[in-house]
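Here's a quick tour of one chain and how its side chains pack. Have a look at the model first, then read on.

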Amino acid sequence: MLTAEAARHLADGLDLLGRGDPGRAVFAFREANRIAPDSADAVAAMGYALGRLGAPDRAAACYREALRLDPDHVAALTNLRSEEHTSE
């Protein structure tokens, strides 16, 4: 469960992604992850932002960490498969 502060940073990051600013979104997701280190959502979202920034290896590492935290995290699994397929 996310704290209100972590949820706010996660929401801020998602808003920044929606506005086309993945660089700033990464910082928001990192802050959410700092506050809630067990949040698969924050880590997976950071992976997505890193992928948008052209860092597929770092994105894949985030997705793997999100799956370690929550093996059923659909977005992390889907995005990891996409990153792995793209890098082949």
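Let's start with leucine 80, which touches Ala60, Tyr63, Arg64 and Leu67, leaving out residues up to four places away in sequence; contact here means heavy atoms within 4.5 Å. This is a predicted model, where local features need pLDDT of at least 70 and side-chain atom pairs count only at pLDDT 80 or more, while totals for chains, interfaces and linings use all residues. Residues are numbered from 1 along each chain as its sequence is written, and side-chain values use heavy atoms, with hydrogens and water left out.

Leucine 80 lies in helix H5 (residues 74-87); helices are DSSP runs of H or I, at least four residues, numbered from the N terminus. Leucine 80 is buried, with a relative accessible area of 9% (buried means under 20% with a 1.4 Å probe, protein chains only). Its C-alpha atom is 21 Å from that of glycine 20, 60 residues apart along the chain.

| Residue | Contacts |
|---|---|
| Leucine 80 | Ala60, Tyr63, Arg64, Leu67 |
| Alanine 76 | Ala44, Tyr63, Ala66, Leu67 |

Alanine 76 also turns up among the residues with the most contacts inside the largest nonpolar core, which has 25 residues. Such a core is a set of buried Ala, Val, Leu, Ile, Met, Phe, Trp, Tyr and Cys residues joined through side-chain atoms within 4.5 Å. Helices H1 (4-18), H2 (22-35), H3 (40-52), H4 (56-69) and H5 each supply at least two of its residues, and H3 gives the most, with 8.

Definitions and conventions:
Buried < 20%, exposed > 50% of the residue type's maximum accessible area, 1.4 Å probe, protein only.
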